[in-house]
Amino acid sequence: MAEKKFNLKESLRKLNEIADWFENQEEIDVEIGLGKVKEGAKLVKDCKARLSEIENEFEKVRKEVEKDEDVTKLKDAPF
C-alpha cells in the first residue's frame with residue numbers, strides 16, 4: 001500500500017482551522033485545546049519539512065537550468 005503524499009495546502013488549511021477554533025472559543029476546554037496544540041505542532045513540523053524539500057527541489061532545478069545555460073553558451077562560443 002502506497003504512503004499518502006503530504007499535502008501542504010491541506011495542512012495549512014488545518015492549521016487555519018485550529019487557529020480559528022481558538023479564536024472562536026469563549027471558554028476553552030483545556031483537554032481539547034491541548035489536543036489542538038499537539039495537532040498544530042505536528043502540522044507545523046511537517047509543513048517545515050515539506051517546505052525544506054520544496055526549496056531543495058527548486059535549487060536542484062535552478063542548478064540544472066544554469067548548467068544547461070552554460071552548455072548553450074559554450075556551443076555558441078566563437079572558438
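This is a predicted model: local features need pLDDT of at least 70, side-chain atom pairs count only at pLDDT 80 or more; totals for chains, interfaces and linings use all residues.
Residues are numbered from 1 along each chain as its sequence is written, and side-chain values use heavy atoms, without hydrogens and water. Local features need pLDDT of at least 70 and side-chain atom pairs pLDDT 80 or more, while totals for chains, interfaces and linings use all residues.

Helices here are DSSP runs of H or I with at least four residues, numbered from the N terminus. The 16 residues of α1 should span 22 Å at 1.5 Å a residue, and the end C-alpha atoms are 23 Å apart, which agrees; the expected span is 1.5 Å times one less than the number of residues. L8, S11, I18 and W21 are the buried residues of α1, where buried means under 20% relative accessible area, exposed over 50% and partly exposed in between, with a 1.4 Å probe and protein chains only. Seen down the axis of α1, these buried residues fall within an arc of 140 degrees, so they line one face of the helix. The arc is taken from the directions from the helix axis to the C-beta atoms. The face turned away from the buried side carries exposed K9 and E23.

W21 counts as buried at 18% relative accessibility, whereas F22 is partly exposed at 27%. Rings of Phe, Tyr and Trp (its six-membered ring) pair if their centres lie within 6.5 Å; planes under 30 degrees apart are stacked, over 60 edge-to-face and the rest tilted. The count comes to one aromatic pair. The ring centres of W21 and F22 are 4.9 Å apart with planes at 90 degrees, so the pair is edge-to-face.

α1 (8–23) and α2 (30–75) each supply at least two residues of the lining of the largest pocket. The largest share, four residues, comes from α2.
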